[in-house]
Protein chains: 2
Amino acid sequence: MTHVLVIGAAGMIGRKLVEKLVENGNLRDREISRFTLVDVVAPETPPNAPCPVDLVACDFSESGRAEKLIENRPDVIFHLAAIVSGEAETDYDKGYRINLDGSRHLFEAIRLAGDSYCPRVVYTSSIAVFGAPFPDPIPDDFHLTPLTSYGTQKAVGEFLLSDLTRRGMMDGVGIRLPTIVVRPGKANLAASSFFSGIIREPLNDQEAILPVGDDVLHWMASPRAAVGFLLHAAEVDGEAIGPRRNMTMPGVGATVADEIDSLRRIGGEARARLIRRVPDEAIRLIVSGWPTRFDTKRAEGLGFKADASFDAIVRAYIDDEGINI
Amino acid sequence: MTHVLVIGAAGMIGRKLVEKLVENGNLRDREISRFTLVDVVAPETPPNAPCPVDLVACDFSESGRAEKLIENRPDVIFHLAAIVSGEAETDYDKGYRINLDGSRHLFEAIRLAGDSYCPRVVYTSSIAVFGAPFPDPIPDDFHLTPLTSYGTQKAVGEFLLSDLTRRGMMDGVGIRLPTIVVRPGKANLAASSFFSGIIREPLNDQEAILPVGDDVLHWMASPRAAVGFLLHAAEVDGEAIGPRRNMTMPGVGATVADEIDSLRRIGGEARARLIRRVPDEAIRLIVSGWPTRFDTKRAEGLGFKADASFDAIVRAYIDDEGINI
């Protein structure tokens, strides 16, 4: 019997993760007996949930909250809650409060819980912990050089997770997610939004704006692959990981041109023509500091699986979102 | 006119730094007009100080202290205060409170000071931010993988320093000090104590215990070189450093056998015979996780200078401490 806590359950990845957990019905070879789903807005009860589901709407970073969330000693904790990159950059205090202090409070609550409580904690870090210039590909032992406050906060969380895990106070695994593509729904204000937009909008017969050159190379994974990483991170053998508890997840290194080629192959030439090139120097500059592609031997050796290709990423979007093409 | 604040001024390196600053009389091409010297025990007024010296005995990590310390807007801040490795490992709370929260409070106080206050902050990190296994030599872009809470706390400080500097909120430079050898005075309880002890004790005609094998390779710098790093870190051009504000300092990569050879050359065979080999498995294990030697191109390119050899390290000890041999 396993009790699963998901912090950040109302977000896109959180919802898809919970859906998959309900579908599987078990985790770490045990039946899931209870869910606690937390977000700053109330998460929804997943349809067909076969066990009790507690929904909690709160800011998990507030004093005393983390202690409350682990009161019933969840066995596996997925910590997905974060202020995104853009907002963490414009709102210094909020970013540090949620992304750094929030994570630290959670880890400290676990440390101080007593009863030898030592849950598996899956922490979503990000490739934003890296900043240019880079070798190509970026190796597993490349130093973290964040160029944003978001990346800094995620990196600090990684170090805290490693230290508490080394000391036997929790059982953490940190996974650095690639940029998630194709994000369903509407375009957002993130500088990375176009990586999804140039596939999503044309597949929905709408125009998409491309603000950067076709040669921009980036590291991407589908929402489906991301959920796979999270589930595997919950189950992977901690001994096999060793003391370096944070890893870059495998992804697909693709250029914008590769993306457009996939769109053309799968959606047809007319859809590819829906992409309009409107160079944006501000976005080009931001993107130029982002990581390109990685050699992710460690994560692959531990069984984490990337999408097979950018075509597979596009097809996952079409399947999972029920798009008619 | 320059006001210099030294936090951790009563420690061995702090005292030597202040002595050198008084001797030089200026920093960053400006006359030093005031010192504020802080430590948890009251620092001493340096002899021959040519300007006002404020002595402050306090725990700089306590709420409100950092704001007070920067009240008169020091132009250069040397932040040397830390709970050492061994104590940070045995006393979890104290280590995190001083090494992580203390540094963060200091940086936050600077950020929130207003008036476009943006002092040069020299932060002493440590090669303890690295943990085995390592390539040989360890390159400048090798990832931080601390295997102690001390190393973790130092690494977090590095990230905070980088982010605030990138955002223009302070002007930080983090320097990862090698193990300081030969430390004057008595042996301490640090696991690294023997690297100094096997030189210092024989040069003072006393027996020294060597707990590890002669082939142990380690990265070392003299107190004199460390003071040189600190002064250069205060003066080096921030533009030239770029966004990666933390660097491993150049050192001497020497084995225990190299150390003993130097002792024999400089102190004679009889002194080398004062080293008694008493293998200690616990110390051997700790030391096996420590970094060996580095390729420090970046710091060297920016003008940081290592000791010329291990012989030079031994001679610096003899000169600086007035040892008769």
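**Two copies, two domains: a quick tour**

Okay, let's start inside one copy: the centres of domain 1 of chain A and domain 2 of chain A, taken over C-alpha atoms, are 26 Å apart. Those domains are 2–177 + 224–248 for domain 1 and 193–219 + 252–321 for domain 2, with bounds that come from an automatic or database domain assignment.

Before I go on, this is a predicted model, where local features need pLDDT of at least 70, side-chain atom pairs count only at pLDDT 80 or more, and totals for chains, interfaces and linings use all residues. Residues are numbered from 1 along each chain as its sequence is written, while chains are lettered from A and ligands numbered from 1 in the order in which they are written.

Back to the domains. In chain A, 21 residues of domain 1 are in contact with 20 residues of domain 2; contact means that C-beta atoms, placed from the backbone, lie within 7 Å. What gives the most to the domain 1 side? That's helix 7 of chain A, with 5 residues. By class, this side of domain 1 of chain A has 14 nonpolar, 4 polar and 3 charged residues. Here Ala, Val, Leu, Ile, Met, Phe, Trp, Tyr, Cys and Pro count as nonpolar, Asp, Glu, Lys and Arg as charged, and the others, Gly among them, as polar. Helices are DSSP runs of H or I, at least four residues, numbered from the N terminus.

Now over to chain B, and a pair of helices. The axes of helix 6 (residues 193–203) and helix 9 (residues 256–267) of chain B come within 10 Å and cross at roughly 20°. Those axes are lines fitted to C-alpha atoms over the stretch in contact, with angles running from 0 to 180 degrees between N-to-C directions. So helix 6 and helix 9 of chain B are roughly parallel, a label for angles under 35 degrees. Among the residues that meet there are B:Ile198 and B:Pro202 from helix 6, and B:Ile260 and B:Leu263 from helix 9.

Finally, the two copies together. Chain B lands on chain A with an RMSD of 0.0 Å, using a turn of 180° and a shift of 0.0 Å along the axis; the superposition is by least squares on the C-alpha atoms of residues with pLDDT of at least 70 in both. The copies are thus related as by a two-fold rotation axis. Which residue of chain B comes closest to that axis? B:His143 does, with its C-alpha at 1.8 Å. And 17 residues of chain B are in contact with 17 of chain A. On the chain B side, they split into 7 nonpolar, 6 polar and 4 charged.

Note on methods
Two residues are in contact if their C-beta atoms, placed from the backbone, lie within 7 Å. Helices (H or I, at least four residues) and strands (E, at least two) are DSSP runs, numbered from the N terminus. Angles under 35 degrees count as roughly parallel, over 145 as roughly antiparallel, 65 to 115 as roughly perpendicular and the rest as oblique.
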